[in-house]
Amino acid sequence: MEPNLFKYILKHSRRDQLIILGVVVVSLLFYYASLDLPKTIVNAITKLAAHADRVTTFMHLEIGLPGFLGGANLLLFDGFRLGRTAYLIAICVLFLVFVVINNWFKIYINTAKGRLGERMLRRLRFDLFDRVLRFPQAQFRKVKQAEIATMIKDEVEPLGGFIGDAFIQPAFLGGYALTAIYFMVLQSLWLGMVAIVILAVQAIVIPKLRKKILRLGRQRQLTARALAGRIAEVADGSVEIHSHDTSNYERADIVDRLGRIYNIRFDLYQRKFAVKGLNNFLAQVTPFTFYLLGGLLAFAGKVDLGIIVAVINAYKDLPGPVKELIDWDQQRQDVQIKYEQVVEQFEPEGMVPQDLQAVGERPAPLEGDIVLSGVVVADENGVKLLDGVGLTLPGNEQTAILAGPGSGADVLPLALMRLVPLAAGSISVAGKDLATLPEAVTGRSIGYAGTDAYIFPVSVRDNLIYGLKHAPVAPADYDQAGRRERELTEREALRAGNPLLDIHAQWIDYEAAGAKDLAELDLRIVETLRLLELEDDVYQFGLRGVIDPAKQAELASRLVEARRSLHSRLAEPALRSLVEPFDAERYIANMSVAENLLFGAPVGPDLQPERIAANPYLHKVLAEAGLAEPLAEVGRRIAETMVELFADLPPGHPFFEQFSFISAEDLPEFRALLGRLGKTGAAAMTPADRDRLTGLAFPYVEARHRLELIGADLESRLLVARRAFAAGLPGDLKAAVEFYDAERYIGAASVQDNILFGRLVYGQAQAPSKIGKLIGDVLDGLGLRASVLRVGLDYPAGIAGKRLTATQRQKIGLGRALLKRPVYLIVNEATALLDSASQARLMENLLGARQGKAVLWVVRHGEEARRFQRLVVMRDGRVAEQGRAEEILARMKSPSTELAAQ
Amino acid sequence: MSLNQEVEMLRRIQLFSKVEPAKLKLLAFTSERAVFEAEEILFHQGDAADSAYIIVDGEVAVDVELPGGGRTRVARLGRDQIVGEIGILGDVPRTATVTASARTTTLKISKELFFRMVSDFPTMAVEVMRVLAHRLEHTNALLRECQDKLATSRP
């Protein structure tokens, strides 16, 4: 990248800068004219005051050159002749016109500058990000992720503001200042000299004072960047912090950093205001000089009053531009340093050359052997991880690399993926030098799965098909308005030097996965899931997932069919006791009081279980159904039980959180409340007491908590309230609940809850597995399993795949590599987290599915190597043996012990 | 079964005989009832151990799977007895497979709850030790028997 910011700016925005500069020059002419007017107005008023009938020439325009330039006058326009009042109005209106024109120029110039700056910022950010995509892997170990993000996001931001100003600001402000000074000198040499002297003081002294400010600013940038890095570290290391009780150590570190940042910032603040104060003082002193000197000159008859007014008026505009010019100069230095500090982080050694990532036509897949000769890979300390490795990996055979720790076997795949640089030697794939192959070729032909596949925070499906998004396959389908907008976007992207890749285009390369469209791709994904033994996991995600019945009406109605089918099966005596089905006419003992009242799935926050107790509409319904007293009584009995059960436990005992209706802090309060009620009886209950007690009743589940609080009478009253709640639901709550309806799919509930349409009975040990199996049977019977799997593929993986287990993440990483049907599949410890039986099955599945295709698999045990045709044994970074797997294994008495002995 | 009925039942179990009723109520409230039909499996040998079961009603068979295949019955446990405590006390995978012989109601006590109860109520700890001591004695007796058989079968 261009090391000098100004060169970078000039290189990419010369044309725009010149256009704006041209406008600036024109604007200065108008500015000059507007400076001259006040003098004319004041002089005209003083002269015309005594001569009511005098006729004056209006718009007699001429520009006077100062004496040292020859003193000639440049006549522009001869003018109209006007009476006194008309003349005054004319010159005042003219003044207004100039004000408007000057203002328009200012707006235009500022907007143009801003746009230029934003375009350049966009270009700069893209250039930096583009470099991140081409970083060698080693760079990611040197620079913290958060720091890269802060640099691209925050640190270059002020650069954008400055870029617009880089050339125009000095031209614009300098032009203004010079015009004003020129004007003043023209009016009165003396007054002009005074202004120049004070400006000189300003321009020399203040930058000196600001040097320190600049240095502090730089420190501020570095400390803030380090802070961002540390905060990200704390977030990443949160498990370590909790498990080792080091939170206070981290607090101390952050406090220390914040303290340093505070000191720097406060120092900055103080100095800034000191300089500002001095500046203001100088600006105020000048008029004093003008009044005094101007007055004396006027007494001497050397100047008239209009000149003094005009000079002061012109001077009024001066300190601003001059100060801003000084600011600009400071900013220039500051921004240049910032730019250098950022850019140097983005120029690591060994970046991927730009042309290797160029977008092009679909390349022909590689076919042939991978040949390594004399490959040496060294780590940062120069230790050789691979030392002169020479071997051939046939393009149609499956090869195992058998290795103990430190043998370099795990580095070999990295070298093949160009993830580590070669210190010596070469690798060729199908006769082509690997180092010069574009990523478009390697990324499609080689499938790589390492130990920790990164899972993006998108759905499981999108994670699996990530490896199919090499380049736009077909343009996006825009309507007329969309296309117009896209054209505008593209034009703007071009001006900012961004590539025209469209994120809305069709990126998924179905052909690479052996599919024609999305539906076929889903079939391929399911096949892959089966190979990876991930199908059941995704099926479970599907059961837990939700669908929008408006968008997937067909599936929704099939799932309601599955519900009916399940419920007819549930009539069997062996299954009847496992599920309590939803029934609008019955109280559901396995559901809480609140859920029974709502009898629907809450949508949005208002009627969620934890908030429903506070809902005023519900309280109104309960009061009308005569349930206020009985529910308070239920709450009182719950409170009694809780006080009895939990009173002896120390606060903070985990039972409170797990089991109690009342938290440890609230327990004494409830005890006091119960004591009060014991004395006065329930009749004296205050509304607040009642609310507190009723709150306890809502989460109560009769079948689970078994306190025998909901009798037949209360049940029927609760059912009345349930009906009343639904019947009178106010408009603002209509969208907050979807009532259970045996004939309708409930969009707010999971697929499984929709099929089950009831609750599992508490205490039936085998109910979850039996019902799970039953649901599976029902779905299979209706041919719906694939649909549920598809819903499961929409399951969000969470940040860095946190919603998946470690093994699921590994399998998805493998699936991603498999789905694009690579010519070569490289598996580098990508099943390490699975238990050994699963690892063996997975290996069997994958090798079977890739018969006759190249596989390179790093294995740890000789036993595993038996499944492969070829075997490479690595020792101390060198190839110890290579050849037919069975021959080598036969020679080695016990491969495992031999490796262990290394 | 209501909570109070359950407490009544727990009181009749020897393991809890010395535990005061209020605590039994807490135990009943915080543990899970698990009903197994005949032939249903409480847990398999080799599973991770996460809970112990107190048999409230019914009967279970304890079988150890033999390395060469097949299984041998080591015990039948009935009402009032605890099963699965070895796995959670020793933090080892299940050492046997336990199957309900008839419809069996159990109180499933999670590992955490079990340790909490034991540490909160030393009498219960002593009772658990007693049960374990009996089982060890039983195992030793079996071992002696085996050794005798081995000695006599050798020429």
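Colleague: Which residue is the bridge partner of A:Ala400 in β16(A)?

Modeller: In this predicted model, strand β7 (residues 398-402) of chain A pairs with β16(A) in the parallel sense, over five bridges. Within β16(A), the bridge partner of A:Ala400 is A:Trp857.

Colleague: On the other strand that pairs with β16(A), β15(A), which residue stands opposite A:Leu856?

Modeller: Strand β15 (residues 824-828) of chain A and β16(A) are also joined by five bridges, and their pairing is in the parallel sense. The residue that stands opposite A:Leu856 of β16(A) is A:Ile826.

Colleague: How many residues of strand β16 (residues 854-859) of chain A are buried?

Modeller: Both faces of β16(A) are covered, with A:Ala854, A:Leu856 and A:Val858 buried on one side and A:Val855, A:Trp857 and A:Val859 buried on the other. The strand is therefore largely enclosed by the rest of the structure, the count of its buried residues being six of the six.

Colleague: Which residue with a positive phi follows α32(A)?

Modeller: The phi of this residue is near 45°, and the residue that follows α32(A) with that value is A:Arg821.

Colleague: At what angle do the axes of α17(A) and α31(A) cross?

Modeller: The axes of helix α17 (residues 535-544) and helix α31 (residues 785-793) of chain A come within 7 Å. The contact is made by residues including A:Val538, A:Tyr539 and A:Phe541 of α17(A) and A:Val788, A:Leu789 and A:Val791 of α31(A), and the residues of this contact divide into eight nonpolar, two polar and two charged. The two helices are therefore roughly perpendicular to each other, with a crossing angle of roughly 80°.

Colleague: Is A:Leu222 buried or exposed?

Modeller: A:Leu222 has its place in helix α7 (residues 189-236) of chain A, and its C-alpha is 9.8 Å from that of A:Glu155, a residue 67 residues apart from it in sequence. Because A:Leu222 has 12 C-beta neighbours inside 10 Å, and a residue with 12 or fewer falls in that class, A:Leu222 counts as exposed.

Colleague: Which element of chain B gives the most to the side that touches chain A?

Modeller: In this interface, 13 residues of chain B are in contact with 11 residues of chain A. On the side of chain B that touches chain A, α2 (21-30) and β1 (32-36) each supply at least two residues, and the residues of that side divide into eight nonpolar, two polar and three charged. The element that gives the most, with five residues, is α2(B).

Colleague: What is the bridge partner of B:Phe36 in β8(B)?

Modeller: In chain B, four strands form an open antiparallel sheet in the order β1-β8-β3-β6, where β1 and β6 (82-83) stand at the edges, so one side of each is left without a neighbour in the sheet. β1(B) and strand β8 (residues 104-110) of chain B pair in the antiparallel sense over five bridges. The bridge partner of B:Phe36 in β8(B) is B:Thr104.

Colleague: How many buried residues does α5(B) have?

Modeller: Helix α5 (residues 122-153) of chain B reaches 46 Å from its first C-alpha to its last, close to the 46 Å expected at 1.5 Å a residue. This helix is hardly covered, and among its 32 residues the count of buried residues is two.

Conventions. Residues are numbered from 1 along each chain as its sequence is written. Chains are lettered from A and ligands numbered from 1 in the order in which they are written. This is a predicted model: local features need pLDDT of at least 70, side-chain atom pairs count only at pLDDT 80 or more; totals for chains, interfaces and linings use all residues. The expected span of a helix is 1.5 Å times one less than its number of residues. A residue is buried if 20 or more other C-beta atoms lie within 10 Å of its own, exposed if 12 or fewer, and partly exposed in between; C-beta atoms are placed from the backbone. Axes are lines fitted to C-alpha atoms, for helices over the stretch in contact, and angles run from 0 to 180 degrees between N-to-C directions. Angles under 35 degrees count as roughly parallel, over 145 as roughly antiparallel, 65 to 115 as roughly perpendicular and the rest as oblique. Two residues are in contact if their C-beta atoms, placed from the backbone, lie within 7 Å. Ala, Val, Leu, Ile, Met, Phe, Trp, Tyr, Cys and Pro count as nonpolar, Asp, Glu, Lys and Arg as charged, and the others, Gly among them, as polar. Two strands pair if DSSP finds at least two bridges between them.
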